[in-house]
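I opened the model to look up charged surface and sheet layout. My entries follow.

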Amino acid sequence: MEKMSRVTTALGSSAISGRTMFCHLDAPANAISVCRDASQVVVAGRNIFKIYALEEDQFVEKLNLRVGRKPSLNFSCADVMWHQMEENLLATAATNGAVVTWNLGKPSRNKQDQLFTEHKRTVNKVCFHPTEVYMLLSGSQDGFMKCFDLRKKESVSTFSGQSESVRDVQFSMKDYFTFAASFENGNVQLWDIRRPDRYERMFTAHTGPVFCCDWHPDDRGWLATGGRDKMVKVWDMTTNRTKEIFCVQTIASVARVKWRPEKKFHLATCSMMVDHNIYVWDVRRPFIPFATFEEHKDVTTGIVWRHQHDPHFLLSGSKDSTLYQHMFKDATRPVDKANPEGLCFGLFGDLAFAAKESLISSDSNRKPYPGGDRRYPIFFFKKPDQTEQFAHVSSALSVFETDLDSNCMDWFVKTAQLYLLCGKPFAELCDHNAKVARELKRPQVSTTWTMLRIMFSDPANLTPGPNHPLSKLGTLPLMNSFNMKEMNSGMGAESRLERSKGESRQDNLELGNSLISNNNEDNEETEGSEGQAEYMFGDAELDDDDLYSMEHDNQTEEQEYTLPQEAFQLRHEIMDNPSAPEHLQQDKADSPHVSGNEAEVTCLTPIESFSLISISQPLFTPQLPASFFCPIVRKMLSYYAEKGDVQMAVSVLIVLGERIRKEIDDLTQEHWYTSYIDLLQRFELWNVSNEVIKLSTCSAITCLNQTSTTLHINCSNCKRPMSNRGWICDRCHQCASVCAVCHHVVKGLFVWCQGCNHGGHLEHIRNWLKSSAHCPAGCGHLCEYT
Amino acid sequence: MEVQDRESLGRWEGLGSRDAISRTEAMENIRQDVMRRVETIRPITTLAPASKSPLKSDLNDILAHLLMLTKRCPFDDVKEQCVRILQGVQDLGVRIPRPLGNGPSRFIPEKEILEVSKVDARTQSIFEDAFAALGRLDNISLVMGFHPQYLGSFLRTQHYLLQMDGPLSLHYRHYIGIMAAARHQCSYLVNLHVNDFLQVGGDPKWLDGLDEAPQKLQQLGELNKILAHRPWLLTKEHIECLLKAEEHSWSLAELIHAVVLLTHYHSLASFTFGCGITTEIHCNGGHTFRPPSLSQYCVCDIANGNGHSIHHNDSLGNHELCGEVEVLMERMKQLQECDDEEASQEEMATRFEREKTESMLVVTAEDEECVPSRDISRHFEDPSYGYKDFSRRGEHVPTFRVQDYSWEDHGFSLVNRLYPDVGQMLDEKFQMAYNLTYNTMATHKDVDTSMLRRAIWNYIHCMFGIRYDDYDYGEINQLLDRSFKIYIKTMVCSPEKTTKRMYESFWRQFQHSEKVHVNLLLMEARMQAELLYALRAITRYMT
């Protein structure tokens, strides 16, 4: 109550108003400070020490405190502070180590009051006690803090920081006896003014110097610190162990930090190097400044809120020799320009997506992220807080995790091992491969194999007669109708590199939808507490605590899950892959399937589809030449290859062999082969890869088996390896392989008997052995040429 | 050339291992290699002993390296093995090299330096690390071994600057090192880095002179010159000129890297001369194959200060000057006590100016114009450009106020922003050098030397026009006597003129380790001063 009345009186008396304005100073400023009634500001620097009055729309120079023909270093100020109780009292910290007080009530031109030269090094900071008139604290580079009683000639107590330079000292706003000091080595100490022998508490706040600290004006325990490590941290001092409660990462070392009056979570910072702007942060939103003032052309050295109960006026001094008054309403709001959506891939293929809540919720009954693998979508919603000034505080984060199983390529390995590519009649190969695919729950692939068999099997081999295709198809469409159902769902999955199996997809959809609502409720319940849990970017996706409720939902969901009809419709909406139409097209040619397939979409009962098949049966002409299907098969192969299943493409290519080869240009074939072989080798399926190489008809591929194949030959005489040429030994200078027939060196093909080790030119030996059974070398061995 | 280098590099690599077995293995390989070479060479040598066949010079390089190892390797087993190999080679009738000069420093007796590593386990381990990283243990490190804490920090920084990820390519880094060292005609550093430069695949043509190097590096010549001799003249226009040169322009990150390298090697050159570092044994001029002739032996030993006669002289000198330390300590105590007698502000300002001007008048003892040897001067242009005192010829330079631009607040942030981690390392190194103390002075223990260290540091900065508002420059006059000032001035401003006499004439009663400590202070203070000017210019350019 008391505070309130003071506010009104304070505000009432001076009735702060104004606009964004600035004035030129003669020299760079190092620090600024305002008097209690917010009507005047003092600017101090190496070559400047002036008082300006703040008028409606301009600064007016009131007083120049820098007097004398050749001012001494005592005027070279590192810091200045205006007493908040006594309006005539100022204190400055001089770079030469002096602490000076100034009495504006003095009649003479020189207002210097007291001079303390107790510090050995530059004094970095002076601070008046917020309520005591005569108590002044200073912190210096020499590692000492001194407390002065202005009625005495020298300091009343000295606090030692163990020769670590003191960068800032601040009296607590609420605790009469406490002050905080920040140090160059990264520590912050809390002292009791009555106990100069030892600090009350010490903690390491930053790596590198802590340039500044500021007590929260309202909250007793909060201390904000800023350091060279570019961080602003807020500490809770009320507990036994000092706890870091907020951390803001800026882009440059933090020179000053000041809490914004009347706003619990806001603070202003400016930097020491490179960055010239002043930022006002909402500490709960550490990633983007709440407001920015961009007027200065050089680093800002001093910031101060004009009135301790008015959050709308900020004063700042800078190295560019200007003094600014910033109106809060004129600040730029970076958040308005920020991209409200974010998208990021995780290391293991997880996808995180954040967007404004409005964007998400508007279509959350649809899918927030179509096409993504929404195994476990996680949503965090935040109810907009009315007291906030941020335009859109809330956004939703969805994390799309990939299933570990779906990532695994077991199916690939199994398929590669089990497929038969040659050695049996074509139809059997197809059937076998179809079976393999079916067992691995890849119905689409399986069906493809079956169809291939039908398409390319020699019609003559099929028993002629009108009922045969029917009886044949009698089994097929049945299987098909069942499979197609899965296939539809499976297709989407496969288009994502076959990550997940068909069934599991269904409940995801459902799950996603329900989760949205679930979490919505959850959040609304829990969110009442504090704004702290607001943003859970980053950790969310791996943090078990965050996930557990979700997983719980997941389980219950699965238990009572029934395959909903809508899932299919949704599926069709997103299915933009070419496979469906293509198959339809393909099936049209093969008419019975077409109807079956089309029926499939509308009705789910196999019987009905069957009946449709029989109706369309007359369309069937078994005499279609195999080449008729080639364009379709070609398209199909390209489709498989494009969606990543190069295995299928190559397998079909090999099995079909001559039937299709000419349809596909060599370069594409080669490309597929190399990709597949590469994949196989990565999975260390050497045998399969070798088989594929062998079976391939591309010259570029078959020669793969011959590259980097080295035969090491040893000389038959001296048993040393022969390095240079294959036929002459460097060491014993003997020709290693002499033809037993013509006694010349064999430079080409050399054939020899494994029994007696004699041999020679292939042609010669062959001829010799036609006529004689004995070895041409005359060793008496009965050689055999096969 | 390149292939050989790589091959030889591989040869020595195994020796750096901490594992004794793999060292033995590597040693055995080297032994076989050497023997094989000796075998192939022997007939030729007997035929024409004077012939300089490539094979022969190759072998000589290896032998020189082995010789270096016998003296410098931190591992005793390797040392012994090397001695044995050399012995074996000599027994085969091949001439083996012997070191020229004794020990890593011309000023400090070898014995004293080498004792250090024996005593201190920490030094030994740092030496081993350095040896493992570089395959050698240079003389600088050996001398710095007096102060292991600092040495660790120094080597870490240097390794990061030269070997780790950074904006500049490896051969650029070494070339910049050569440029910087050449400014001070420091043949030691130049030789060292010419080898490294070639090893990382640098173009040997560049070594013919700056004109042969790419345009980009040529432009750096100006910055190099100014930084080395008159850093206060550096303006943002110089920086702009480098950054906006179309296709030859530097990026900010590259420039920072280059600046750090330049300042590092300028100051390292100071250290090299200040401690009288001798040529590495395996480098040219560090060894000879000529048999020792009597006269040469004497000359060399006397010049190296390892002869007995010099020691004798020293003791005489000591006798005269005993009490010098006590006087110094007494003064420090006085200064600490009587700080009531406060000088007026104007007095303080004039004291700084006086010290500044006075430092100009400290004549660098032998002021004869020494013409730089051609070999090194080709790496830079304008050899006549040297340290010129401020106030001469009336050119007025505004004083640099450290309170307005300090390393801790400003320089660090800038460096760390553009070349991450280096700021941290330099910061550590500066602090280490500034705060290093053993609380001893000569024979006295428990002395607070902070005042003396600060005086030295600030005096050097004063020579560069950098002023600390909170320092009373009168203290310098009290604490640093004239011969010490001469030494500092010479070392910082024209290190190539440092002589053994200067080294010996200051602080006669102090130990060598303490003089090395002073050198470290000088080196770091100089580096910081240059860095401050360069970084301030860059900051001004950026704003």
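Which residues of chain B form a negative surface patch? I found D203(B), D208(B), D211(B) and E212(B). Patch members have over 30% relative accessible area and no salt bridge, and like charges are joined within 9 Å. The areas come from the Shrake-Rupley method with a 1.4 Å probe, with only the protein chains shown as cover. A salt bridge is a side-chain nitrogen of Lys or Arg within 4 Å of a carboxyl oxygen of Asp or Glu. Asp and Glu count as negative, and I took CG of Asp or CD of Glu as the place of the charge.

This is a predicted model, where local features need pLDDT of at least 70, side-chain atom pairs count only at pLDDT 80 or more, and totals for chains, interfaces and linings use all residues. Residues are numbered from 1 along each chain as its sequence is written, chains are lettered from A and ligands numbered from 1 in the order written, and side-chain values use heavy atoms, without hydrogens and water.

I placed D208(B) in the loop between helix 10 (187–199) and helix 11 (215–229) of chain B. Helices (H or I, at least four residues) and strands (E, at least two) are DSSP runs, numbered from the N terminus.

Next I looked up an open sheet of chain A, with 4 strands in the order 14-15-16-17 and antiparallel pairing. Pairing requires at least two DSSP bridges between two strands. Strand 14 (166–171) and strand 17 (201–204) of chain A each have a single partner strand, so one side of each lacks a neighbour in the sheet. Strand 14 of chain A is joined to strand 15 (residues 178–183) of chain A by 5 bridges. Opposite V169(A) I found A181(A) in strand 15 of chain A.

I also noted a second open, antiparallel sheet in chain A, of 4 strands in the order 1-28-27-26. Its edge strands are strand 1 (21–24) and strand 26 (300–307) of chain A.

Terms used
Patch = residues over 30% accessible without salt bridge, like charges linked within 9 Å, V, L, I, M, F, W, Y side chains within 5 Å.
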